[in-house]
Amino acid sequence: MQDTRATLTAEGECPIGQESDDCPGFDRFAFARFIANQECAQAFVGVVDDAWLQGWHESNGGNLSYRLREEERDAYHRYLEKPLGGSKWTDLDCSVPELAGEYFLVTAAGSHFRTVRRKSSATTGLVEIRGDGKAWRVIGGFEGQGVVGRSFGKPTSEFAAHVAVHAARKRISQGRSRAVYHAHPAQVIALTAVLPQDSRTVSRILWKSLTESILVIPEGVGVLPWMVPGSGGLAQATSALMEKHAAVLWPWHGLCCAADSLEGAFGLVHTIEKASSIYLRARAAHKQQEDELPHSISDAQLLEAAQAFGVALNKDFLA
Ligand SMILES: [Zn+2]
């Protein structure tokens, strides 16, 4: 019988792929130390916990990624007791030169937000983008067994979408954007069963339901048509719409948000979910047939508030 333990290639790759338990190229303790001690990793686990408590992540729904700062990448290297190993490179569908060499902390494929704090070395991991921006590999975490008895072994199945969104948002934010978050908030999803799927209608309703939402989504929310979850088409359409919007709504599915910080990404989902819930309650109470409620903030009042807050409201969505 063949020995299944692998040895590293000259390039430092684990030839058996992503089975980190069998690959001596991984320093498992380094990742555990990173998760336990790094502020960004603790913030990551904290947001996952909070999101679970909000009820946005049934079963293994939703995923989160965070692009490490240079000093956080350096900190990971300091935790390593042997040279950085990694799994085999996996080609990306698209080239992302703007993310070359970047490290991402990512939730695992099949992981449950409910268990991330207890099993963080299994349910999260670190992924590196190759220097040419055309491939990725696992460099830490994703250890242990998933719910169906397989090693988690890899990042979320939506990783391609996360990469595409990170690339777009990093470019338009001059490097500030770091977090991409996908959740299944119930009120937002219910909203898509009530309203037409167009960005203008949905954005106006959110603004008019909760005045201070204009501080969080001044550019409004982008709305896509329904698409197959995890598909390349959804990834492409989302990253294109996120050139204009920090939050994109996937009808009958959920939200994809990007922000400069993990807290900012959580805040986007929280705000949009709350505004949706206010709208749905008011509409039900009125037994309303029209989309816009009979008593709500006028466009002039929205502009007045935007001026007072110093935010540039998307005028394409105003009358
Ligand atoms: Zn989803």
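Two strands are taken to pair if DSSP finds at least two bridges between them. In the predicted model described here, strand 3 (residues 103-107) and strand 4 (residues 124-129) meet this criterion with 5 bridges, running in the antiparallel sense. Within this pair, Phe-104 lies opposite Val-127 of strand 4.

Both strands belong to an open sheet of 9 strands, in which pairing is mixed and the order is 2-5-4-3-1-6-9-8-7. The edges are formed by strand 2 (90-91) and strand 7 (222-223); each has a single partner strand, so one side of each remains without a neighbour in the sheet.

Packing between helices was examined for helix 5 (residues 159-172) and helix 9 (residues 232-241), whose axes lie 9 Å apart at an angle of about 15°. Because angles under 35 degrees count as roughly parallel, the two helices are assigned to that class. The crossing of helix 5 and helix 9 is right-handed. On the side of helix 5, the contact involves Ala-160, Ala-161, Ala-164, Val-165, Ala-167 and Ala-168, which meet Gly-232, Leu-234, Ala-235, Gln-236, Thr-238 and Ser-239 of helix 9. By class, this contact comprises 8 nonpolar and 4 polar residues, with no charged residues.

Conventions. Residues numbered from 1 in each chain as written. Predicted model: local features only at pLDDT ≥ 70, side-chain atom pairs only at ≥ 80, totals over all residues. Axes fitted to C-alpha atoms, helices over the stretch in contact; angles between N-to-C directions. Helix = DSSP H or I, 4+ residues; strand = E, 2+ residues; numbered from the N terminus. Parallel < 35°, antiparallel > 145°, perpendicular 65-115°, else oblique. Left-handed = near helix turned anticlockwise from the far one by under 90°. Contact = placed C-beta atoms within 7 Å. Nonpolar A, V, L, I, M, F, W, Y, C, P; charged D, E, K, R; others polar.
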